[in-house]
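Open the structure in your viewer and keep the selection tool at hand. The tour goes from stop to stop, with a short note at each.

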Amino acid sequence: MTATISPAAWTAADLDADRRWTFALDDRARRDLLGAVRAARDPARTLLDYRREDFDLVSAAKPIAAAVVEARGRGLSLLKGLPREDLDEKDFELLTWAIGLHTGVGRPQGKASHYLSAVRDAGTDYRTATGRGYSSNAELDFHTDSTDFVGLSCYNQAISGGTSIVTSSVAAHARMAAERPDLLELLHQPIHFSRQGEQAPEEAPSYPQPVFDEADGLLFSKWNRNRVEAAQKLEGVPQLTAQHREALEYFDALVRRLELAYTMVLEPGDLQFINSHVTLHSRTDFRDHADPAKKRLLFRLWLATPDGDRLPESWRPVFKTTEPGTVRGGILGQQHDERCKAFERRQAAALGMRIA
C-alpha cells in the first residue's frame, strides 16, 4: 500500500487540514446513550453477560458507525461528546463496552484474560519484563496493539501530560523507502516480541513477526520497541544483528518526527478509534491528581471487526487466524475459559463473524 493510494498514509499536517476524522454527538445522541446504559445496567451482571441487543443506541448509532468506518480507512477517528458528566465510573465503563458490542468482538488484553482495561496509573514499571504501559504513568514507546481495532474512551484527564500521539505506519514506511530502502528491507524480516509473561499455557514466551508485511496488496505494521528489547533477554531468542538494530533505531526515530506524529489531548467524553494495522500510537508521561476520584482514567477496548482485511501469514502467531471476518487477535492470557469462549461465540454470531 503506497502513500499515493492509501487514505491511511497521512502526515500531521494532513490531519490538521482535513478534520473529517472528528465526529461529535449531539444532545439527542447523548440522551439516547444515557437511556441505553440506564435501561440495561444490572449490578448483578458482568461485562461478558451483556448482549449487543441489550443496548439500543438509537440516534447515536449513526455517528458511532461513521467514526468506525473512518478509522477503518484512515486509520483513526475521534468521537466527541459521550455523556461522561452524567455517568459514574462504572456506568461510563459500561457505555464503552456497549459501543464495543456494536462494533466488534472484544478481545482479551492480558494475563487475567480481561476484555476491558482501565488505563490508569497503578504504579507498575513499564520497562520491566512484565511491565504494561496502560497501568503506569510512563511515556510509552510508539507501538501497535495485538488487535484489529482499539477503542479508547476518556473519563478523567491528568493534571498535565498524558497526551495521545499517533503516526501513520503507512506514511512512515513510504518515508523510509525514500530515505533508507536498505534498512527498510530488514523491517520485512521477522524479529521476536516478548509476551511479557502473559502467555497462555500453550504459547511460547515470545513470538516472531516482522515490523512490516503485506497481504492482498495491503501493508500491515507491527511495532513495540519495549517488547523487542524484552525479548532479546529471553533464552533462545535470536539476537539482533547490528544492521537490524540500526534499522529498528532508524524507524523508531522516524515515527517520532514532528511532521509525521500528530498529538491530541483526549478530553472527558472523547472516544478514540485506531486501526492498529496502519496506525502507531503513543502517549506522553503524565502528572496525576492526588484525589483518587480525579485521577486520569480511560477505558481501552480491543476489537476484532466484521470487515477486517486478510492478514499476512506472519501475523498468525498472535492473531491465531489470518482470515477476514473471524474472531482473532488479543492476548488470550491464562484465564481464557469457557465463559470467555461462550461470550465470543455469542457476539460473533450477532455480528455474522466466525470463530476460527
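Does aspartate 216 count as buried or exposed? Aspartate 216 counts as exposed, because its relative accessibility is 61% (buried means under 20% relative accessible area, exposed over 50%, partly exposed in between, with a 1.4 Å probe and protein chains only).

Before moving on, note that this is a predicted model, in which local features need pLDDT of at least 70 and side-chain atom pairs count only at pLDDT 80 or more, while totals for chains, interfaces and linings use all residues. Residues are numbered from 1 along each chain as its sequence is written, and side-chain values use heavy atoms, with hydrogens and water left out.

**Stop 1: aspartate 216.** Keep aspartate 216 selected and show the loop between β11 (212-215) and β12 (218-221), where this residue lies. Helices (H or I, at least four residues) and strands (E, at least two) are DSSP runs, numbered from the N terminus. The phi of aspartate 216 is near 50°, a positive value in a residue other than glycine.

**Stop 2: glutamine 196.** Next select glutamine 196, in the loop between β9 (191-194) and β10 (206-209). Its phi is near 55°, again a positive value in a residue other than glycine. Glutamine 196 is buried, with a relative accessible area of 1%.

**Stop 3: alanine 60.** Go to the loop between α2 (27-40) and α3 (61-74) and select alanine 60. Alanine 60 counts as buried, at 0% relative accessibility. Neighbours within four places in sequence aside, alanine 60 is in contact with Ala29, Asp32 and Leu33 (contact means heavy atoms within 4.5 Å).

**Stop 4: histidine 244.** Select helix α8 (residues 242-254) and find histidine 244 in it. Histidine 244 has 8% relative accessibility and so counts as buried. Leaving aside neighbours within four places in sequence, its contacts are Leu186, Gln189, Pro190 and Ile191.

**Stop 5: two helices.** Finally, select helix α4 (residues 89-101) and helix α10 (residues 338-351), which pack at an angle of about 55° with their axes 11 Å apart. Axes are lines fitted to C-alpha atoms, for helices over the stretch in contact, and angles run from 0 to 180 degrees between N-to-C directions. α4 and α10 are therefore oblique to each other (under 35 degrees is roughly parallel, over 145 roughly antiparallel, 65 to 115 roughly perpendicular and the rest oblique). Show Trp97, Gly100 and Leu101 of α4 with Phe343, Gln347 and Leu351 of α10, which make the contact.
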